[in-house]
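Dear colleague,

I am handing over the structure below, and my notes on what was found in it follow directly after. Please read them with the structure open beside you.

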Amino acid sequence: MLRTPAVAHQFYPGDGAALRKQLQTLIPPGPDNEARPAARALVSPHAGYIYSGAIAGETIGAVRIPATVVILGPNHHGIGSPAAVMARGAWLMPMGEVTIDEETATGLLASCPLLAEDESAHRREHSLEVQVPFLQYLRPDVRIVPVVLSHLCLDDCLDLGACIGKALAGSDTLLLASSDMTHYESRSAAGAKDRLAMERIVAMDPAGLYRTVLSQRISMCGIIPATIALAAALAMGAGRATLVRYGDSGEASGDTRQVVGYAGFVID
């Protein structure tokens, strides 16, 4: 099973050489991958690289990328199962194929009843795809487990997070939650709302994050992946979440009347 890109030439360059050149400008220089610090999880934005690529690059580039990364992203199209895993095959990306870690995917499916194998949810979804080139640039042999998530209630998010964390405990696996923050509000309004959500992430409070986003009407599209990743990281022994950088689309567009917020976090 081979997935072809859905948003190459739109969100990021579809030519491998051009993509690599852009990634060189988005990922800060640093030590070799193996010399970078380990982490349990990341939260990274997924807009077009011109808008959020620098924050994604700084966030993903801050840690060591292990052999396997489980990527959790929101379902923007409503296609497929509520918690859909692509468990076999590979993704054809501009810089080459990225293989799915079938053993890890199968283990998660066996351990977590809320997960279902469903390739259809992944065909058009961009939220996971835009993260992959960063991982591939830093670790060319990286394998992924893609998980697309629709709306889940808080209890299901916490249960699934605990289940994923238990299944991955002791393994050298990174979780990456893909999420943008507030959508299409003024810079001041978006910043005020996003600070409330970011405070809950830094506090390592997945339930508080979920409740805050809903009660304050924060249009954080990846609230489900972020809540699950935070709960999973706690189950894996994480004790700290650090904001790498926050920004918004107005920094690239010049329009601060309607922005989309972006934040990157390292959870270790």
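H9 lies in the loop between β1 (2-3) and α1 (16-26), where helices (H or I, at least four residues) and strands (E, at least two) are DSSP runs, numbered from the N terminus. This residue has a positive phi of about 75° although it is not a glycine, and with a relative accessible area of 66% it is exposed (buried means under 20% relative accessible area, exposed over 50%, and partly exposed in between, with a 1.4 Å probe and protein chains only). Most residues other than glycine have a negative phi. R217, in the loop between α7 (206-215) and α8 (223-235), also carries a positive phi, near 55°, and is exposed, with a relative accessible area of 70%.

Please keep in mind that this is a predicted model, in which local features need pLDDT of at least 70 and side-chain atom pairs count only at pLDDT 80 or more, while totals for chains, interfaces and linings use all residues. Residues are numbered from 1 along each chain as its sequence is written, and side-chain values use heavy atoms, with hydrogens and water left out.

As for the chain as a whole, it has 9 helices and 12 strands. Its radius of gyration, taken over C-alpha atoms, is 17 Å, close to the 18 Å that the globule rule gives for 268 residues, so the chain is as compact as a globular protein of that length (the rule is 2.2 Å times the number of residues to the power 0.38). Along its principal axes the C-alpha trace spans about 45 × 45 × 40 Å, and 56% of the 268 residues count as buried. Of the contacts (heavy atoms within 4.5 Å) with a separation of 6 or more, 81% are accounted for by residues 24 or more positions apart.

Turning to the aromatic residues, the structure holds 2 aromatic pairs, meaning rings of Phe, Tyr and Trp (its six-membered ring) whose centres lie within 6.5 Å, with planes under 30 degrees apart counted as stacked, over 60 as edge-to-face and the rest as tilted. The rings of Y49 and F134 have their centres 4.9 Å apart and their planes at 50°, so this pair is tilted. The pair links distant parts of the chain, since Y49 belongs to helix α2 (residues 49-60) and F134 to helix α4 (residues 132-138), 85 residues apart. Y49 is buried, with a relative accessible area of 4%, and F134 is likewise buried, at 1%. Together with Y12, Y49 and F134 form one aromatic cluster.
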